[in-house]
Amino acid sequence: MRAYVEAIRFFKTHRDESIQIMQQYMSGLALDEVAYLYDQVRDDYQPLPLPSDAAIQTTLDRDVLVPVGDLKPADFYDRGILQEIEQSGFLATLYQ
């Protein structure tokens, strides 16, 4: 998870390099198209990728064939690792 958090920081702070990497995996897209896509999604990535209860609930409401009963979105994930990363100060040092 630390590597993923570091990758988010790299993506958000190294625009040109991130666009070049993206272009490698988006076969056929011109550089200006990839740059546009980068600019559209950059701010969607949060420094700490905590799951969204609203997004999980929407998915459960729409995609689950079997009713989930009394289960809540928080029953489907554990924020423990991400909270440890935040509490350790690792995240704060990345964005200094």
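Cores and aromatic groups in a predicted model

Apart from the core discussed below lies another, of six residues, which include Phe-11, Met-22, Ala-35 and Tyr-38.

The structure is a predicted model, in which local features need pLDDT of at least 70, side-chain atom pairs count only at pLDDT 80 or more, and totals for chains, interfaces and linings use all residues. Residues are numbered from 1 along each chain as its sequence is written, and side-chain values use heavy atoms, with hydrogens and water left out. The protein has a mean pLDDT (the predictor's confidence in each residue, from 0 to 100) of 92, and 99% of its residues reach 70 or more.

Val-5 and Leu-94 both belong to the largest nonpolar core, whose seven residues also include Leu-48, Leu-82, Ile-85, Phe-90 and Leu-91. Such a core is a set of buried Ala, Val, Leu, Ile, Met, Phe, Trp, Tyr and Cys residues joined through side-chain atoms within 4.5 Å, where buried means under 20% relative accessible area with a 1.4 Å probe, protein chains only. Two or more residues of this core come from each of α5 (80-87) and α6 (90-94), and α6 supplies the largest share, three residues.

Elsewhere, Phe-11, Tyr-38 and Tyr-45 form one aromatic cluster.

Technical notes:
Buried means under 20% relative accessible area, exposed over 50%, partly exposed in between (1.4 Å probe, protein chains only). Helices (H or I, at least four residues) and strands (E, at least two) are DSSP runs, numbered from the N terminus. Rings of Phe, Tyr and Trp (its six-membered ring) pair if their centres lie within 6.5 Å; planes under 30 degrees apart count as stacked, over 60 as edge-to-face and the rest as tilted.
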